Amino acid sequence: MVVSSSEFDERLAPSLKRLRLSKRLLERVAGVAERRWWSPGTDFDDAAIEAGAKALAEAGIEPDQVGLLINTSVTRRNLEPSVAVKIHHRLGLPSSAMNFDLANACLGFVNGITLAANMIDSGQIKYALIVAGEDSQGTQEATFKRLNREDSTRQDFLNEFATLTLGSGAAAAVIGPADAHPGAHRIVGGVSRAGTEHHGLCVGGVDGMFTDTKGLLDGGLELVVNAWNEAFTDGWDWRSMDRYVTHQVSNSYTNAIIKAVNLVRDRVPITFPRWGNVGPASLPMTLAQEAQTLKSGDRVLCMGVGSGLNTTMMEIAW
């Protein structure tokens, strides 16, 4: 269901008034006008299961062909067992299919693709299914309560502002051997870089996410620029891609990356105004939206930064 940022303003009205903060900050500053919450009775892992089943059907791959399932969701309701086991069971995957969770903040889905591709290339498996399902409602409900306390401050709003930009959603992808699918999209490769000295800039849990937004922007931007330049030195020329599919965060992050590495703005699709930041599902959801306008031979660069900090850039030949 669609939940507008104006509804968030109404939920936070008492504190906004007390702290003399203006409404529409989410729209004016972050550019997030709305996001999705799951309808009552739908859990995030149910959504991941549905996305996985749809991906398998569209790829024409039977469940018993899958050798690996990776759940990359940040959302979880318990520490163990893994989220992946329920998804594995509900999709009817064979007992021979390895399954586990891979957690790396907003980079998890792309990391999962990279890991699966390497296992396919090494001959360990033939097909892999990567899934992510995110639910922002519980964290945001807890944030409303905290920010509406009589002792909340302007700094509290700043620290938890990024939490209010989150959204719910799900995505899935099937990865297989290129030689068996000559007409399919191909993972060309890419680069990853770590800036783990910034591991304390964004720390999230079930009850909330606390972010140094300026520090995260500055540190993430530096990491992206360094990775971009090092990749070019290593032979990756991404200056004229047909599409740049970035992890969706906000206006400021998107504009800063476009400017820093001189991307062609109209080749950078934007989905955060209506979906918010959907964590690791954000990038594949945006890529799925763009699929109908991409044609065979197009070059697509997937780009993301995850809390910690880590960045990954992965090229796909459409």
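Val203, for instance, sits in strand β8, residues 202-205.

Before I go on, two words on the model. It is a predicted one, where local features need pLDDT of at least 70 and side-chain atom pairs count only at pLDDT 80 or more, while totals for chains, interfaces and linings use all residues. Residues are numbered from 1 along each chain as its sequence is written, and side-chain values use heavy atoms, with hydrogens and water left out.

Back to Val203. Val203 has 46%, so it counts as partly exposed. Contact means heavy atoms within 4.5 Å, and leaving aside neighbours within four places in sequence, Val203 is in contact with Gly208, Met209 and Phe210. Val203 and Gly308 are 105 residues apart in sequence, but 8.5 Å apart in space, C-alpha to C-alpha.

Gly308 takes us to the backbone. Most residues other than glycine have a negative phi, and most peptide bonds are trans. Now look at the bond from Gly308 to Leu309: that peptide is cis, with omega near -15°, and Leu309 is in the loop between β11 and β12. Another cis bond joins Glu80 and Pro81, with omega about 0°. You'll find Pro81 in the loop between β3 (66-71) and α5.

What about positive phi? Arg20 has a phi near 55°, in the loop between α2 (13-18) and α3 (25-30), and Arg20 is exposed at 73% relative accessible area. Asn262 has a phi near 60°, in the loop between α10 and α11, and Asn262 is exposed too, at 64%.

Next, helix packing. Here axes are lines fitted to C-alpha atoms, for helices over the stretch in contact, and angles run from 0 to 180 degrees between N-to-C directions. Helix α9 (residues 213-233) packs on helix α10 (residues 251-260) at about 30°, axes 10 Å apart. That makes α9 roughly parallel to α10; angles under 35 degrees count as roughly parallel, over 145 as roughly antiparallel, 65 to 115 as roughly perpendicular and the rest as oblique. On the α9 side, the residues that meet α10 include Leu216, Leu217 and Leu221. By class, this contact of α9 with α10 has eight nonpolar, two polar and no charged residues. For those classes, Ala, Val, Leu, Ile, Met, Phe, Trp, Tyr, Cys and Pro are nonpolar, Asp, Glu, Lys and Arg are charged, and the others, Gly among them, are polar.

Now helix α4 (residues 44-59) and helix α5 (residues 83-90): the angle is about 45°, with axes 10 Å apart. So α4 and α5 are oblique to each other. Their contact divides into five nonpolar, no polar and four charged residues.

Last, two helices on the inside. How many of the 14 residues of α6 are buried? The count is 10, so α6 is largely enclosed by the rest of the structure. Among them are Phe109, Val110 and Ile113. Just after α6, Gly123 takes a positive phi of about 85°. Helix α12 (residues 282-290) has seven of its nine residues buried, so α12 is largely enclosed by the rest of the structure as well. Those buried residues of α12 pack against several elements, including α6, β11 and β12.

Conventions. Helices (H or I, at least four residues) and strands (E, at least two) are DSSP runs, numbered from the N terminus. Buried means under 20% relative accessible area, exposed over 50%, partly exposed in between (1.4 Å probe, protein chains only).
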